[in-house]
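Welcome, and thanks for taking a look. Here is a short tour of some backbone and side-chain details to follow along with.

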Amino acid sequence: QLFAVGGTPGARHIYKLLNGNAIDLSLAPNSTLRGTRRPTFAETEVFLVLAGGADIQKVNLTTLVSTQLGGNPPIASHIVANSSRLAANDVLVDKTKVRFSGISQGTVDTSGHEQWDNTGLTEDGGFFTAEARPDPVMAVHENTNEIFVWGKDNVQIFSPDATTIFAPAATRESGTLAPYSIIKQGQDFFWLDQHRRIVYSDGRSFQNLEGPIKGQLDALEHPEDCFGYRVFISHIDCLVWTFPTDGRTFVYQIGGGWSEWFGWNESAANFKPFVVNAHHLRRDGGLNVVGLTDGRVGKLSLSAFDDRGERVVAYVESGFVNRDTDNLKRCRSVKFAIRRGTTASASLCKFEWRDNLGAWNGPLYIDTGVTGDDTIVRRIESLGTYRRRQYRFTFSDDVNLSLLKVQEHFDVLGS
């Protein structure tokens, strides 16, 4: 089953999506998701449980009835299911604690997930404290074996324990300033930390990933509203971080490095912010379902040649090159190797260049051939002299189109 949450702040409707239709599950009293924070989800055998910064909501997966979770759970922004219990942070009262429910197994008796009293009995609820730093819990996630708890300045890992229910297993000084930036990949987590670094960890060892984009991360005005997700299609495995207020979406492709995703504005003939507002990778077939900023639901696909009627436009931009010398270079030619489909097409292939931080020259438009051409080599002659130069190639088509290689032929001149 596939569910979606509406965007009306404070009283967001919950929908079941089926055969292109949205069935509203929030028509009865107390059936909406309260709060203004991004929804987080936990799934049990019986319930889909949702937290959004206020009262926790549950949807019965059999009856599709949406009601508030009982038992006096905390006002929470994050909810997880682990070791037959639910666990959630408390954004209102005990901000350094994670509270957990009683045990509930199977589909007959679900009362344990609505028992949140700290009686000291194992069948009832309780709490554990993320006390390495006196900072509030920003986010809670799980990776089957453990619960990860992020503060602003540290992350603590808790493991199921027969005596204390959940026991601290590790603590590292890598918190987060963006509680929805956290992406799970297998047993590892990737997130934006308090120093605007993209870090990843299995809870024991930590590494940085941001590298070439650190300067752009530092320049963001509102990194705290970042949200992240994983796109897994065919051979492509991407980690995506969107910064809605700043209008930027940075993407790290496993084995391929960093890029940036945009939409395309045809009337302005320019790029616009990426319109994906939420993402879910389905387990039943791996479909990448996305919620869009205009309220529609779609999917990500490698076989699409338009984006809801707008063209799909890509660009490749080099860094500044100096050919290992500060002497003047004369550009004799730039050669492009392009591959595309063999049918008639409407190609947009333009080439631009600039020296130092000057204005872009061009564009020069590149002909991709006629019907039947699938591999094209084009050469542009005599592009002047430079010390440091940057190149940009923008392309679009209604058939498959790939830029295979760009090669510059140059001569090194005197100083």
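**Backbone and cysteine notes**

Asparagine 356 sits in the loop between β33 (348-355) and β34; strands here are DSSP runs of E with at least two residues, numbered from the N terminus. This is a predicted model, where local features need pLDDT of at least 70, side-chain atom pairs count only at pLDDT 80 or more, and totals for chains, interfaces and linings use all residues. Residues are numbered from 1 along each chain as its sequence is written, and side-chain values use heavy atoms, leaving out hydrogens and water.

**Backbone geometry**
- Most residues other than glycine have a negative phi, and most peptide bonds are trans.
- Asparagine 356 has a positive phi of about 55 degrees although it is not a glycine, and with a relative accessible area of 44% it is partly exposed (buried is under 20%, exposed over 50%, partly exposed in between, with a 1.4 Å probe and protein chains only).
- Serine 234, in the loop between β20 (227-233) and β21 (236-243), also has a positive phi of about 55 degrees and is exposed at 60% relative accessibility.

**Cysteines**
- The count of disulfides (pairs of cysteine sulfur atoms within 2.5 Å) is zero.
- Cysteine 349 is in no disulfide, as the nearest cysteine sulfur, that of cysteine 331, is 19 Å away; cysteine 349 is buried, at 2% relative accessible area.
- For cysteine 226, the closest cysteine sulfur is in cysteine 238, 15 Å away and too far for a bond; cysteine 226 is buried at 0%.

How values were computed:
Helix = DSSP H or I, 4+ residues; strand = E, 2+ residues; numbered from the N terminus.
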